[in-house]
Amino acid sequence: MDIVRIAWRNIGRNKRRSVLTALAVAFACTVLVFSMALQRGSYADMIRNTVHAHTGNLQVQRTGYWPDRDIARKLTGSAAMLNIIDHTEHVVAAAPRVNGAALVSYGHRTFGAALFGTDPEREKGVSTLADVITEGSYLDKTDVNGALVGYVLAKNLGAEVGDEIVFLGQGADGSIAASTLIIKGLIKRGVAEMDRTAVFAHIETIQEAFSLYGGISEIAVLLDDDKYRPETVRQLESALRDSGHDDAAVLGWPAIMPGIEQSIKLDWSSGIIIYSVLVLVVGFGIANTFLMAFMERIHEFGVLKALGMRPAGICVMVYVESLLLTAIGILAGTVTGSLIVLRFQHTGIDFGYSDEMMAEYGLDPIIHPQLSTLVLAWAVGIVLVIAMLVAIYPAVKAATLKPVEALRHR
Amino acid sequence: MPLIEVENIHKEYEDGKTTVHALRGIDLTIDAGEFTAIAGPSGSGKTTLLNLISGLDAVSAGNITLDSVDISSASARKLSQLRLEKIGFVFQAYNLVPVLTARENVEFTMLLQGVPSGERRKRSLDMLERVGLGEYADRKPTAMSGGQQQRVAVARAIVTHPRVVLADEPTANLDSETGSRLLDLMKRLNAEEDMTFVFSTHDPMVMDYSTRLVRLHDGKVKSDERK
Ligand SMILES: Nc1ncnc2c1ncn2[C@@H]1O[C@H](COP(=O)(O)OP(=O)(O)OP(=O)(O)O)[C@@H](O)[C@H]1O
Ligand SMILES: [Mg+2]
């Protein structure tokens with residue numbers, strides 16, 4: 001018969017109220033676990049989409065290539081490096097690329113374009129390039145003059161599949177880089193900038209035009225899971241260094257696309273604030289029931305004080321009571337929330353965004369909620385902190401009651 | 001040797017705009033082992049006096065010493081300690097903890113004192129046996145009659161061997177037969193344990209049990225007789 005057991009019995013005293021209070025806590029917890037898991041899931045989907053679309057989980061580049069992307073800062077010995085990368089753990093695929101800028105013309109029209117030289121076979125493994133062709137076909141292994149063009153760029157140029165376009169840029173040595181390409185297919189990435197400017201062609205063709213002599217701009221690497229990225233980055237760094245590629249740098253996607261990570265951080269912290277406010281509202285309701293439970297027992301607190309129970313003892317007893325109730329609610333809410341998340345973790349939830357929204361913001365209509373210790377810790381943490389705060393008032397009030405006045409209370 | 005010394009105490013309540021003069025200069029000395037009834041009409045100050053002696057409330061003027069401790073100047077924490085160690089309480093009604101069984105109620109003050117659980121159990125069962133409620137040890141207060149509840153309250157009050165048991169109208173909610181049985185019990189404990197009892201009442205039947213009768217009127221001692 002210690003304080004916790006007495007507190008436990010007091011909870012059982014007004015079962016209806018206790019159940020309602022615990023339910024309110026559980027509800028807040030369920031909502032938090034679910035929405036936070038949804039939020040984290042949307043980030044994971046977003047990362048997966050961008051990583052799969054083009055960038056890869058990480059890239060190998062020449063030291064100093066980033067962020068200016070000067071085509072002259074090229075990597076050499078790509079075949080040897082690809083061999084090392086292919087044999088690294090967690091690597092699914094790797095593809096070399098040359099990134100150049102050029103003016104592209106068809107007839108009388110000319111537009112600025114981002115020129116990507118790729119290895120068609122390897123590119124298929126790393127990015128979704130082969131899956132986003134709306135017209136025509138993918139690059140052929142042997143036809144080195146073929147090109148895939150963003151559908152908006154093609155429309156702007158007035159060119160169609162089978163037409164010959166001309167590009168004009170500046171080579172790595174300052175010479176003129178120019179050649180002709182035949183449009184093999186049109187691509188639609190759903191990312192406005194890509195669709196307006198991208199031209200994909202054979203890596204050898206671009207290397208030759210830009211006087212790179214076999215040099216490349218980057219090797220995009222796809223991993224089986226982004227969570228292995230940091231360790232793979234370290235592994236590759238040392239493997240490349242050990243094999244004499246001193247000028248190679250390994251960059252994770254957050255370094256290449258810092259905007260995405262920043263917007264995730266911002267979105268997450270504003271989410272935390274919104275959730276805290278939500279729980280605070282629930283907290284006022286909980287505070288109310290805590291207070292009701294307190295009011296009903298004022299006379300009893302007077303008796304306890306008369307018996308010689310110290311103010312601190314009464315404070316602890318009342319506080320433990322509130323926290324026990326909260327703990328039950330949190331447990332129930334966390335379990336419920338987790339079960340809902342697990343139910344949808346693989347199938348995902350379809351939010352049915354329109355095609356335009358998807359194209360504009362790169363949104364995927366299906367979000368896969370993702371349960372993690374981070375989500376559980378935040379959900380439990382927010383609810384617990386707020387419950388602990390609102391429980392202070394009745395506990396202190398009970399402790400500081402004047403014994404005589406409490407005893408007179410009926 | 002006096003156990004309780006009350007010296008010229010006054011108690012005023014601020015009740016909104018008016019001031020109620022509940023006690024107007026009370027002098028009283030109670031020796032160890034006495035069985036004292038404080039009687040008087042409603043509003044004469046009986047409850048107020050008991051509350052002041054136990055340190056539940058503070059005097060407006062005057063001095064109270066209990067077992068050589070000056071109550072008037074003690075802190076809330078010190079007063080809790082004092083009540084826990086030296087005073088047993090029985091109130092008019094509703095003074096058991098409703099979520100605890102009879103035995104747990106009796107154990108409660110020992111729990112606060114830090115008595116080990118085995119000993120608590122033994123002493124509380126012995127005590128319930130002595131007040132005739134051995135079979136009721138595991139009952140909750142709601143499943144007991146008013147008289148039985150009061151006997152549990154008496155058991156709880158004396159199980160820690162306090163210097164004095166203060167009881168504010170312990171029989172007021174009981175019928176006369178149950179009331180006199182409770183008084184028999186208290187009187188027996190008074191004799192067996194040499195334990196001091198001070199209780200308030202306005203029931204003439206109850207006054208007959210006392211060995212000393214203090215009558216209050218309008219906040220003053222009207223008469224004080226030892227039998
Ligand atoms: N908290 C308080 N505020 C204002 N007045 C009070 C308070 N407590 C007691 N009084 C007043 O003090 C006087 C004495 O009250 P007290 O309760 O001590 O009388 P009592 O003898 O115990 O009466 P009863 O037999 O009805 O219990 C009464 O006039 C009462 O109204
Ligand atoms: Mg009274």
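In chain B of this predicted model, B:V165 has B:F197 of β8(B) as its bridge partner. The two strands concerned, β7 (residues 164-168) and β8 (residues 196-201) of chain B, run parallel and are joined by five bridges; strands, numbered from the N terminus, are DSSP runs (E, at least two residues), as helices are (H or I, at least four), and two strands pair if DSSP finds at least two bridges between them. Residues are numbered from 1 along each chain as its sequence is written. Because the model is predicted, local features need pLDDT of at least 70 and side-chain atom pairs count only at pLDDT 80 or more, whereas totals for chains, interfaces and linings use all residues.

The open sheet of chain B has six strands in the order β6-β7-β8-β3-β9-β10, with mixed pairing. Strands β6 (87-90) and β10 (220-226) of chain B stand at the edges with a single partner strand each, so one side of each lacks a neighbour in the sheet.

Chain B and chain A bury about 2,200 Å² between them, 69% of it on carbon and sulfur atoms; buried area is the accessible area (1.4 Å probe) that two parts lose on being put together, summed over both. B:L56, B:V99 and B:F108 supply 23% of the area that chain B buries against chain A, more than any other three residues. The contact (heavy atoms within 4.5 Å) takes 27 residues from chain B and 21 residues from chain A. Two salt bridges are counted between the chains, each defined as a side-chain nitrogen of Lys or Arg within 4 Å of a carboxyl oxygen of Asp or Glu. B:E104 forms a salt bridge with A:R9, with the closest N and O atoms 2.5 Å apart.

Definitions and conventions: Chains are lettered from A and ligands numbered from 1 in the order in which they are written. Side-chain values use heavy atoms; hydrogens and water are left out.
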